[in-house]
Amino acid sequence: MFGSQEDHLPDRLPYRIRDDFLSRAELSFYGVLRLAVGNRWVICPKVSMGDIFFAVGSNRQETTSWRNRIASKHVDFLLCDPQTMRPMLAIELDDQSHERKDRQQRDSLQDQVFRSAGLPLVRIRARAQYSVEEIASALQHAVARSPHKTEVPSPRPANQPKPAPKRGAPPLCPKCGTPMVVRQSRQDGSRFYGCPNYPRCRQTAPLTE
Ligand SMILES: [Zn+2]
């Protein structure tokens, strides 16, 4: 390893498995969540917000700054489509610590991030007992209002960018607002517009030549 610090590492490193990967409150809720969700979604606990979202600033510095604001934050549970693992909605279990001021501030940034990106965030107050039906209906409700509820590839999605004018500027990515770039399909060599943020953003638009 190029004479790095790893040469001097002791045999046993000072890492141990945490016994509180999920807190008691989270574990208790997780049991009910599994029943409420069934096979419909995959439940991922403790997901970093940096793994769910990417930032689209107007320049590199701004993008980095927005990315850093969420890098160390996570959401309690992320529910994904079992086929595509696309994030469908997230759940934050609110406990007493959320009464504290710093947590409230965190909550408000977290709420804003989810709202801006269009991913539903359901807040559920931690309790001693939950109703499976109540949780299932709260999730159902949130997904029904979500802009991503019909996120299956369709011939003409509602947010598909308009084809660019023949000799004009490239179209803007409807998700990122950045000018799209010409790409070539590896399969058939055809050319199309793609988002410069690929693979984090997979928006495409037809190229009119
Ligand atoms: Zn994009």
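Visitor: How many helices and strands does the secondary structure of the protein come to?
Guide: This is a predicted model, in which local features need pLDDT of at least 70, side-chain atom pairs count only at pLDDT 80 or more, and totals for chains, interfaces and linings use all residues. Residues are numbered from 1 along each chain as its sequence is written, and side-chain values use heavy atoms, with hydrogens and water left out. Helices (H or I, at least four residues) and strands (E, at least two) are DSSP runs numbered from the N terminus. Counted that way, the protein has five helices and seven strands.

Visitor: What share of the 209 residues is buried?
Guide: Buried means under 20% relative accessible area, exposed over 50%, and partly exposed in between, with a 1.4 Å probe and protein chains only. For the 209 residues of the protein, the buried share is 32%.

Visitor: In what order do the strands of the four-stranded sheet stand?
Guide: Two strands pair if DSSP finds at least two bridges between them. The four strands form an open sheet with mixed pairing, and its edge strands, S1 (42-48) and S4 (121-125), each pair on one side only. Neighbouring strands are turned by 30 degrees against each other on average, direction ignored; axes here are lines fitted to C-alpha atoms, for helices over the stretch in contact, and angles run from 0 to 180 degrees between N-to-C directions. The order is S1-S2-S3-S4.

Visitor: Which helix packs on this sheet?
Guide: The helix touches S1, S2, S3 (87-94) and S4, where contact means heavy atoms within 4.5 Å. Its direction makes about 15 degrees with that of S2. The helix spans residues 24-37 and is H1.

Visitor: Over how many bridges do S1 and S2 pair?
Guide: Strand S2 covers residues 74-80 and pairs with S1 in the antiparallel sense. Val42 has Cys80 as its bridge partner in S2, while Ser48 stands opposite His74. The number of bridges is six.

Visitor: Which residue in the hairpin of S2 and S3 takes a positive phi?
Guide: S2 and S3 run antiparallel and are joined by four bridges, and Leu78 in this pair stands opposite Ala90. The hairpin has six residues between the strands. The residue with a positive phi, near 60 degrees, is Met85.

Visitor: Which residues does Leu33 touch?
Guide: Leu33 is one of the residues with the most contacts inside the largest core. Not counting residues up to four places away in sequence, Leu33 touches Ile43, Phe77, Leu79, Ile91, Ile135 and Leu139.

Visitor: Why does Thr63 count as buried?
Guide: Thr63 is found in helix H3 (residues 60-71) and touches Ala55, Val56 and Gly57, not counting residues up to four places away in sequence. Thr63 counts as buried because its relative accessible area is 17%.

Visitor: Which strands stand at the edges of the three-stranded sheet?
Guide: Three strands form an open antiparallel sheet in the order S5-S6-S7. Four bridges join S5 to S6 (residues 191-194), and Arg183 has Phe192 as its bridge partner in S6. Each edge strand has a single partner strand, so one side of each is left without a neighbour in the sheet. The edge strands are S5 (181-184) and S7 (204-206).

Visitor: What is the geometry of the site of the zinc ion?
Guide: Donors are N, O and S atoms within 2.8 Å of the metal (3.2 Å for Na, K and Ca); water is not among the atoms, so sites may look incomplete. The protein donors, lying 2.3 Å from the zinc ion, are the SG atoms of Cys173, Cys176, Cys195 and Cys201. Four donors count as tetrahedral if all angles lie between 85 and 135 degrees; four count as square planar and six as octahedral if opposite donors are over 155 degrees apart and all others between 65 and 115; anything else is irregular. With angles of 105 to 114 degrees among the four donor atoms, the site is tetrahedral.

How values were computed:
A nonpolar core is a set of buried Ala, Val, Leu, Ile, Met, Phe, Trp, Tyr and Cys residues joined through side-chain atoms within 4.5 Å.
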